[in-house]
Amino acid sequence: MLQALSVAGGERKQLTVIFADISNSTALIDHVDPEDAMRRIQPVIDAMRRSVERYDGIVNKVQGDGVMALFGAPVPREDHAVRACAAALAIQASVAELGDPGLKVRVGMHSGEVIVQAVVNSLYRTYDVAGSAAHLASRMEQMATPGEILLTGVTAAAARHSVETTSLGSHAVRGVSEEIEIFRLERLHYAPASVIFRSQTALSPLIGRSAELDLLEAELGSAAAGSPRAVGVVGEAGSGKSRLCFEFAERCHDRGYRVYEARVTAHGHATPYQPILELARDYLGIEPAMQADEARQKVAGVLSTLAVDNDALPLLLGFLGLVDPAAQPAAQFDPAIRKRRLIDLLRLFVRSGQQERPALVLIEDLHWIDAASEEFIDVMVDATIGTKTMLLFNFRHGYSAPWMQRSHYRQINLSPLSPAEAKGLLSELLGPDSSLGLISRNITQRAQGNPFFLEELVRSLVESGEFEGDRGGYRLAGGIKAIPLPPTIEALLAARIDHLDEPARRVLQYAAVIGREVPLTVLEAVTALPSAELADALVRLRRAELLRELTLDPGVHAFSHPLVQEVCYRMLLRERRVRIHADVARIMKLHFTDRKEERASLLAYHLEEAGEPMEAAQALIRAALWIGTHDASQALRSWKKVHQLLDGQPASDAINYLRMHSCIQVLSFGWREGVSAEEARRWFEEARQLALSSGNSRANAWIHAAYGRTLAAGGSADDYVSRTREALALATGMQDRSAEVMLTAVLSQAMRLSGHLDLALQANIEATGSADAIGEFERQLFNFDVERWLTVMRGQILVQLGRFDEARPYLDRLLQTDIDPGDMTLHLVSVAYVDLAWAMKDSELADFHAERAMTMATETGSPYVRVNALACRGVAHLVAGRFGHAVDNLDKALRFARSLKAGLEAEARILADLANAHRLNHDLESAGRVAVEAIEVATARAARVPECLGRIVYADVLQQADQAERARSELARARTLMEETGARLYGALLDEVATRIEQSAGQTPSKDAMHAKVRNNGSCA
């Protein structure tokens, strides 16, 4: 480790730091000869050191009357917080054993990220740490009273399943800006996994392990028949071994079977026989809080029922730490004889008892077992033969023992959860809210089927305050930049990495910088290792299951788990990362000559991390232009990143042009992905100023058009028309035919959204006829196929005009074309078809296209597509008469659009459909309220077609509330809008409502309370 740290210059580590010192030591040695002072202090320092080393910590500093110790580095331990707590208690116990009442020790600790460095001086090399974790640990020690152990909330949380603590509340700590919660450490708590699981307020369901449970049930049946086997459940850390065993043990409890449990701790070698002692106490019925006298009586009572000699009781009491101080000293045995007799007792325990019913002995985390206990396990495996006792162990890959070769051993291997199972577990934890779609995908991808990783990633988000609501019903509170890596996962994986030798470790670190997939050519060039040495290191990394070679892509390695790469990358110091990134970028430019656009994003990442922002921006522009054709979300992020990279560059014509171009692209993608009106205006103003200062009229035209499209989403469609006409006038004045045709196509969309359908159709026909004049600049600016867009828009306009037979050929043309699923135009075909199906009352057609749109929303991850898909699903439910489901889906679409500010140009239409769903579901109060809101939003947005639908629905609500005159007035407005827009799509509904209004004429107004509420809502309108 010293060599590795010397090479790397240091590494980031998650560890626990302890400070311990003798309180009031100055007064103790005042006026005392230095030799006498040393004789009194040195035993304490030695006791501290022994206690630290007993639990695999290191004392890296001795400071007069105290020590500083590290747990988790340089000796890698995933449970460093638990070990630090155990060592702290051992320090207090060992100092007390010195028998000097004047010596009291204060101990403080904290867990967190530090920089671990190798310190070299003329005499020796050692370790040191830098970071706030050491500072906080020191503060805890200073705040402790003599004989007390204080720890921060971080350490208490990390060790929560293994220690008992008392909260002392939140306190101000010198040098820390906010108060922190402080805990006093009381004692270790060796609880079996079942106690830990039962103490949790809500356990997630056991998903994806039904086959394994069935196998355990079969083994229990075999034990009940008198042919028991030892069963090992094997899997990687976090795969759910303990949870599976817990659920099985609970089944045994429910049937009245006796279950004996023990759990091996990671620091088991420091406490030999610990799991055997736990099993013995469980068998003998000794509770943790039981008084010694009562415990001794329990032991004597059990032994009295067994055929044992007189020496068995004192022998067992000594082993259990229950020797009666008032009793006569027991006979002393040779250690080897003592161990053999204890093994005989254990064998007797296993074979005795009630054998008419099966029993279960469960020992967890066997991979940590100490050598002294292993012999007992070996005896237990054979002792069960001929009984009805089933042995169940769980352990990680890599553990082996001689008894695993015996015929009565059975192994069950746990595989990662499938994507569907992981999605199901995540849905149970988070809930179904649509705002969580992208986060769920990210967590699923990072967890890679590991249940523990998945749950810890969710926990980290919940604790960071990113969610609103409760478990199983969360929704996103705001935007999330990144999902934090929980310290629990980081400690577990870092311990695996730290066990590597220096060459393998170095190769893994270089690989972490290169990326998730690591081409051998790049790795060879960047490590500069001889081929044989590199090959050996890769073999060791594959054996350690940290890397794997891709079978379909020989010569390329990938990380076995995404989080392994994250942890390994985080360990590197920033300066070393920069150097490696620069080397990787240089090598990529030399070797990756094919698929340049596809790989440009990766190159841009390495250039940025290497401190080359201008080169990174240029590479990222290539990537953004390529990816924009099928992933709007990634393209938007890329263009924002381009702007960020250019922002720090000195102004020049070239830089200003690229900044302006990135602003236009952000506006072009922003309306799809959700950009607020305020943010859009900032992008517009910057781009416009850059265009004016450079005299670039063409760019100025596109800036106005792009901003107008954003206004249609959050402002007025008439503003979109106005901005587009301004842009078109600029293009016409410049005699720029390409821009003129493209802006005519944009005008068609603006006219459609504002409800001028005949003008929209006219513009569409004109743009389609001249589409071959559109140049490469405009095509790249839009990032989708213009001809396809014009085709689907023609279909949409014709559907809204009620010309369904004319619309079908245009929509079907795209359905019969092989198109990238990420193409933005593709889902609009289904949107148009759902409208057509609504008018034709064709539920089968509506359901087909609603689900098709939802599939595309899931595949693309686009918020804009999801809003439309949810709305389509709601309308499809309307067509099929599933009005309650229609309300639910339309309400989801509305909330999702508003929360992410995506697809808001559809807000008025969604509200109108929602009002219609409430009306058909006989909820007139909600129908009236939502219809009024739909009319208000449509009026503000100049969305005349949705306003027409909203007024038709409101008119019917009013007539059902016996307000015929007001109903006629609303219907007259709707008829005027229909004539103005040409929206014959709603003609049949308007005629239907008009007939009902006329039929209800002359009826006496109802005094029903619901109708009164509707009248009140109407008067507010």
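What share of the 1021 residues of the chain count as buried? And which rings pair up, and where do they lie?

Modeller: This is a predicted model, so local features need pLDDT of at least 70 and side-chain atom pairs pLDDT 80 or more, while totals for chains, interfaces and linings use all residues. Numbering starts from 1 along each chain as its sequence is written, and side-chain values use heavy atoms, without hydrogens or water.

Burial comes first. Of the 1021 residues, 55% count as buried. Buried means under 20% relative accessible area; exposed is over 50%, and partly exposed lies in between (1.4 Å probe, protein chains only). The chain has 45 helices and 18 strands. These are DSSP runs, numbered from the N terminus: helices are H or I with at least four residues, strands E with at least two. The C-alpha atoms fill a box of roughly 110 × 75 × 60 Å along the principal axes. Among contacts between residues at least 6 apart in sequence, 70% join residues at least 24 apart. Contact means heavy atoms within 4.5 Å.

Now the rings. A search of the whole structure finds twelve aromatic pairs. Rings of Phe, Tyr and Trp (its six-membered ring) pair if their centres lie within 6.5 Å; planes under 30 degrees apart are stacked, over 60 edge-to-face, and the rest tilted.

Take F197 and F246. Their ring centres are 4.9 Å apart and their planes meet at 35°, so this pair is tilted. F197 sits in helix α7 (residues 193-199) and F246 in helix α9 (residues 241-254), so the pair ties together parts 49 residues apart in sequence. F197 is buried, at 14% relative accessible area. F246 is buried too, at 6%.

Next, F393 and W403. This pair is also tilted: 5.0 Å centre to centre, with 45° between the planes. F393 lies in strand β12 (residues 389-395), and W403 in the loop between β12 and β13 (409-413), so the parts they tie together are ten residues apart in sequence. F393 is buried, with a relative accessible area of 0%. W403 is buried at 2%.

Some rings join into a group. Ring pairs link Y260, Y283 and F349 into a cluster. R576 lies over the face of Y510, at 5.7 Å from the ring centre. The test is NZ of Lys or CZ of Arg within 6 Å of the ring centre and within 35 degrees of the ring normal.

Beyond the rings, look at one helix pair. Helix α20 (residues 520-527) packs with helix α21 (residues 531-543) at about 115°, with axes 11 Å apart. Axes are lines fitted to C-alpha atoms over the stretch in contact, and angles run from 0 to 180 degrees between N-to-C directions. L520, L523, E524 and T527 of α20 make the contact with S531, L534 and L538 of α21.

Finally, check two backbone sites. Most residues other than glycine have a negative phi. D56 is not a glycine, yet has a positive phi of about 65°. D56 lies in the loop between α3 (34-54) and β2 (58-62). D56 counts as buried, at 16% relative accessibility. D962 also has a positive phi, near 65°. D962 is in the loop between α42 (944-960) and α43 (964-981). At 22% relative accessibility, D962 is partly exposed.
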